[in-house]
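Thank you all for coming; I would like to take a few minutes to walk through one model with you. Please have a look at it first, and then we can go through it together.

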Amino acid sequence: KEPFFPYVKVFTIDGILIKSLSPENTSGNISYYTWDGKNTAEEIVANGIYLIYCESKNIKEIKKVCIWR
């Protein structure tokens with residue numbers, strides 16, 4: 001059986017995909033993700049509210065984050 005990693009994606013508040021994240025580190029059933037505040041073109045995103053969407057086998061969850069520099 002292959003391991004399953006949750007999908008983690010960053011969207012604008014309008015639903016535009018900014019970046020899909022890959023796990024940096026995996027330990028057992030725990031995966032760690034970090035978003036560097038950049039889009040897929042490696043440009044720093046503007047200040048504002050962003051949505052983090054996480055989907056795994058049993059869960060679909062959205063969290064809001066605020067970028068303020």
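In which strand is the place of N25? N25 sits in strand β3, which covers residues 25-27, where a strand is a DSSP run of E of at least two residues, a helice run is H or I of at least four, and both are numbered from the N terminus.

Before I go on, a word on how to read what follows. This is a predicted model, in which local features need pLDDT of at least 70 and side-chain atom pairs count only at pLDDT 80 or more, while totals for chains, interfaces and linings use all residues. Residues are numbered from 1 along each chain as its sequence is written, and side-chain values use heavy atoms, with hydrogens and water left out.

Let me stay with N25 for a moment. N25 is partly exposed, at a relative accessible area of 44%; here buried means under 20% relative accessible area, exposed means over 50%, and partly exposed is in between, with a 1.4 Å probe and protein chains only. If residues up to four places away in sequence are not counted, N25 touches I30, S31 and Y32, a contact being heavy atoms within 4.5 Å.

Now the overall picture. The protein has 0 helices and 6 strands, and read along the sequence the pattern is β-β-β-β-β-β. Taken along the principal axes, the C-alpha atoms fill a box of roughly 40 × 20 × 20 Å. Of the 69 residues in the protein, 20% are buried, and among contacts between residues at least 6 apart in sequence, 35% join residues at least 24 apart. The protein exposes about 5400 Å², and carbon and sulfur atoms supply 53% of that area, as computed by the Shrake-Rupley method with a 1.4 Å probe.

Next, the interior. In soluble globular proteins, nonpolar side chains tend to be buried together. In this model the largest nonpolar core has 9 residues in all, namely V8, V10, I18, L21, W35, V45, Y50, I52 and I67; such a core is a set of buried Ala, Val, Leu, Ile, Met, Phe, Trp, Tyr and Cys residues joined through side-chain atoms within 4.5 Å. Strands β1 (7-12), β2 (17-21) and β5 each supply at least two residues of this core. T12, for its part, has its place in strand β1 and is buried, with a relative accessible area of 16%. Not counting residues up to four places away in sequence, T12 touches I18, Y50 and L51.

That leaves the charged side chains. How many salt bridges does a search of the whole structure find? The search finds 3, where a salt bridge is a side-chain nitrogen of Lys or Arg within 4 Å of a carboxyl oxygen of Asp or Glu. In one of them the side chains of D36 and K19 meet at 3.4 Å, N to O. D36 lies in the loop between β4 and β5 and K19 in strand β2, so this pair ties together parts that are 17 residues apart in sequence. D36 counts as partly exposed at 42% relative accessibility, whereas K19 is buried, at 13%.

The side chain of K19 also meets that of E42 in a salt bridge, again with an N to O distance of 3.4 Å. This pair links distant parts of the chain, with K19 in strand β2 and E42 in the loop between β4 and β5, 23 residues apart. E42 is partly exposed, with a relative accessible area of 45%. The loop that holds E42 runs between β4 (30-32) and β5 (48-55), and the phi of E42 is near 65 degrees, a positive value in a residue other than glycine.

The side chains of K63 and E61 form a salt bridge as well, at 3.2 Å, N to O. K63 counts as partly exposed at 48% relative accessibility, and E61 is partly exposed too, with a relative accessible area of 35%. Salt bridges that share partners join K19, D36 and E42 into one network.
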